[in-house]
Amino acid sequence: MATSGEEKPVMIVGIDESEQSTYALEWTLDRFFAPYAPNFPFKLIIVHAKPNAVASVGLAGPGTAEVVPYVDADLKHTAVKVIEKAKGLCQTKSVHGAMIEVFEGDARNVLCEVVDKHHASLLVVGSHGYGAIKRAVLGSVSDYCAHHAHCSVMIVKKPKIKV
Amino acid sequence: METYVDATGVDTAATTTTETMGKQNKKKLNVMVAMDESKNSFYALEWAVEHLRDVISAEPETDQPGGLLTLVHVHPTYLQYIYPSGGTASAVYATDSVPESMKKAREESTAKLFTRSLEICRGKMVKTETMILEGDPKEMICQAVEQTHVDLLVVGSRGLGMIKRAFLGSVSDYCAQHAKCPILIVRPPRETSTTSK
């Protein structure tokens, strides 16, 4: 049952601009990819979900229409930075052949759709490590994905430094 | 020497070739899999062994020592058995220890569980250990993770909906929030028929 070259299982790593995401990507590259060059055990796809500008502005007041273009430009800028950082990390770890994709929309739905699209075996996400209240208010992408994705989900947390 | 990967950068010792960097960072993972008698946790173990085999197993060619796969099973303790006595409705008796027959039955089922699990791990070149704990499953698993410093915790998931999850509690949920290491939640397969049975 060894996996041949063409039929490598697909691993999707979801990233955003947070440190936790970067840590998750780095951890994954270090443990699952870097040591095995060039025969990686998985096919890697890195996915960034760019939030929708209109959705982010939300319930703003009368000035919404003017603000949206700025928000949109800022989000695009962030997305570019995130992609560059991901590419840089892959380069550093000598991980080639990774696909990087950007989609617009809410991270939760985007990640679950990408899993379906590529029939992924594994989805990797970072975690902000919110407490119960923040989680309830802000929502947790890692929680949502762990319950709704159609594949196994790996949640990588940045370890807190214990004094 | 320990190559601890921290968030800010690559370890400074390996600078020159990718080969040395690869060798030093090639520490195999120590993975812990939480088991109970449910079908989902056996599926999780199978999934883990199949997909994580590459990152756990030893490689004799490069003298790379393998990581360790730990199977942990937690007995939920029933601290008290309260038997309402027949006559008076208010008096209850509490016993401290689990009756002998229950203990034996539990040991047998644990032995069976581990036999099945070790069957799954056999022949995959993965060093496997088993661990039996007693107590509240969620807390004991997180404690075990802390004590053994594993790199990854694997749990199955019953795939409960939100409401059931709130009432029945979810070990995978709790561990995802509280475990000190990355956690991999293996979801049950969508189709009922699979190739291997």
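Predicted model: local features only at pLDDT ≥ 70, side-chain atom pairs only at ≥ 80, totals over all residues.
**Entry 1: a strand pair in chain A**

I began with A:Leu123, which stands opposite A:Val153 in strand 5 of chain A. Strand 4 (residues 122-127) and strand 5 (residues 152-157) of chain A run parallel and are joined by six bridges. Two strands count as paired if DSSP finds at least two bridges between them.

Residues are numbered from 1 along each chain as its sequence is written, chains are lettered from A and ligands numbered from 1 in the order in which they are written, and side-chain values use heavy atoms, with hydrogens and water left out.

Next I traced the open sheet of ten strands, which has mixed pairing and the order 3(A)-2(A)-1(A)-4(A)-5(A)-7(B)-6(B)-1(B)-2(B)-5(B). Strand 3 (99-104) of chain A and strand 5 (127-134) of chain B are the edge strands, each pairing on one side only. I noted an average twist of 25 degrees from one strand to the next; axes are lines fitted to C-alpha atoms, for helices over the stretch in contact, and angles run from 0 to 180 degrees between N-to-C directions.

**Entry 2: salt bridges**

I then looked up salt bridges (a side-chain nitrogen of Lys or Arg within 4 Å of a carboxyl oxygen of Asp or Glu).

A:Glu19 sits in helix 1 (residues 19-33) of chain A and A:Lys158 in the segment after strand 5, so the pair ties together parts 139 residues apart in sequence. I checked burial too (buried is under 20% relative accessible area, exposed over 50%, partly exposed in between; 1.4 Å probe, protein chains only). A:Glu19 is exposed at 54%, and A:Lys158 is partly exposed at 27%.

A:Asp30 and A:Lys93 also meet in a salt bridge, at 3.3 Å from N to O. A:Asp30 is in helix 1 and A:Lys93 in the loop between helix 3 (64-92) and strand 3 of chain A, 63 residues apart. Both residues are buried.

B:Arg122 is exposed at 56%, and B:Glu119 is partly exposed at 46%.

Last, I jotted down a salt-bridge network linking A:Lys50, A:Asp72, A:Lys76 and A:Glu104.

Methods: Helix = DSSP H or I, 4+ residues; strand = E, 2+ residues; numbered from the N terminus.
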